[in-house]
Amino acid sequence: MKKILLTSTGLENENIKNKFLELLNCDAKKAKVLFIITAANDPDSVRVLSYCLDDLTNCGILDKNITSMTCTNY
């Protein structure tokens, strides 16, 4: 079953991080994540992206299992 979690702040909030791990319903090392970038349209937002990716790897998601996609048609 596919699941989606939308957040504007990555996983910096402990409650969001815990919900994300709960939704995985598997070992984080086996999970595959699609990281969709939609709001990084200014330099400050772009700088935060690496921290959001770090949040995923700090949860145990392997780099090779993270796919990033940029949405520019909004």
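Leaving aside neighbours within four places in sequence, which residues is L5 in contact with? They are L11, I16, F20 and L23, where contact means heavy atoms within 4.5 Å. You're looking at a predicted model, where local features need pLDDT of at least 70, side-chain atom pairs count only at pLDDT 80 or more, and totals for chains, interfaces and linings use all residues. Residues are numbered from 1 along each chain as its sequence is written, and side-chain values use heavy atoms, with hydrogens and water left out.

View 1. L5 sits in the segment before α1 (14-24); helices here are DSSP runs of H or I with at least four residues, strands are E runs of at least two, and both are numbered from the N terminus. With a relative accessible area of 32%, L5 is partly exposed, because that label covers what falls between buried (under 20%) and exposed (over 50%), using a 1.4 Å probe and protein chains only. K32 is 27 residues from L5 along the chain, and their C-alpha atoms are 13 Å apart.

**View 2. The largest nonpolar core.** This set of buried Ala, Val, Leu, Ile, Met, Phe, Trp, Tyr and Cys residues, joined through side-chain atoms within 4.5 Å, has 13 residues. F20, L24, F35, L56 and I61 have the most contacts inside it. α1, β1 (33-37) and α2 (43-58) each give two or more residues, and β1 supplies the largest share, 3 residues.

**View 3. Around L24.** Not counting residues up to four places away in sequence, L24 touches A31 and I61.
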